[in-house]
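This report examines helix packing and aromatic pairs. Please consult the sequence and the structure shown below.

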Amino acid sequence: MEAFYGILIPFLGTTLGSACVFFMKKSLGDKVQKALTGFAAGVMIAASIWSLINPAIEQSSSMGQWSFVPAFVGFWIGILFLFTLDKVTPHLHQNSDYAEGPKSKLQRTTMMVLAVTLHNIPEGMAVGVVFAGWLAGSAQLSMTGALALSIGIAIQNFPEGAIISMPLRAEGKSKGRAFLGGVLSGIVEPIAAILTLLASSFIVPALPYLLSFAAGAMIYVVVEELIPEMSTGSHSNIGTIFFAIGFSLMMVLDVALG
């Protein structure tokens, strides 16, 4: 049950973000969004290192000096997987570019929903992989590390839920339908996590590759999407400070409690 609740945490972040449509007339404030984005980016980078890449290398220690190979291979598969997704879906930090193009608002919002939904799949897999490893009794993976990873992704998902529901509301959708649209964009995460857990008997032998795959996918999202969001325009220093806070907090949680 701990694993089940843990994989629902990221979805809760999306749901809470989508609920902003009931309370706000405009989008999240620039300072708040940069703080949340920076904090989530810091948490996800730290989690990628201490919760995913380091355990992947440690689990391959029997390979001796070649123990880095599974982590290296899985990492690059994760990077290339997200690179391919970005070739067929819009970049989240380029939403403003679409406002100047010929596409209708509905088309732009549909593309944005597709982008967020597809990017949520590897994040759900990352959570599922970590919990699968913990349930399998891996000494390198802890419940604390798995929960910290889920919370970090949930924080990142909060503004994502808002950037889906708020534009839908602005296009004339009811608050309920706009909220539902934001929620549905995040439903793929727990589904991906549950499918990963169900396939744990096949996943555990390949765990080093899958852990590093999740790390590569998450780092790609951070560098390609979150860092540009937090560093462009005014108040970029807020994003940088919260990045450092998120990184150091995740590091403490993973090392001291993991």
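How many aromatic pairs does the structure hold? The structure holds seven; rings of Phe, Tyr and Trp (its six-membered ring) pair if their centres lie within 6.5 Å, with planes under 30 degrees apart counted as stacked, over 60 as edge-to-face and the rest as tilted. The model is predicted, so local features need pLDDT of at least 70 and side-chain atom pairs pLDDT 80 or more, while totals for chains, interfaces and linings use all residues. Residues are numbered from 1 along each chain as its sequence is written, and side-chain values use heavy atoms, without hydrogens and water.

Two of the pairs are listed here.

| Pair | Centre distance | Plane angle | Class |
|---|---|---|---|
| Phe22 and Phe23 | 6.5 Å | 70 degrees | edge-to-face |
| Phe81 and Phe213 | 5.7 Å | 55 degrees | tilted |

Phe81 belongs to helix α3 (residues 68-88) and Phe213 to helix α10 (residues 207-231), so their pair ties together parts 132 residues apart in sequence. Helices are DSSP runs of H or I with at least four residues, numbered from the N terminus.

Relative accessible area (1.4 Å probe, protein chains only) defines buried as under 20%, exposed as over 50% and partly exposed as in between. Phe213 is buried at 12%, whereas Phe81 is partly exposed at 33%. Phe22 is partly exposed at 35%, and Phe23 is exposed at 71%.

Phe22 and Phe23 form one aromatic cluster with Phe179. Phe179 of α7 also takes part in the contact (heavy atoms within 4.5 Å) between α1 and α7, as does Phe11 of α1.

Definitions and conventions. Helix = DSSP H or I, 4+ residues; strand = E, 2+ residues; numbered from the N terminus.
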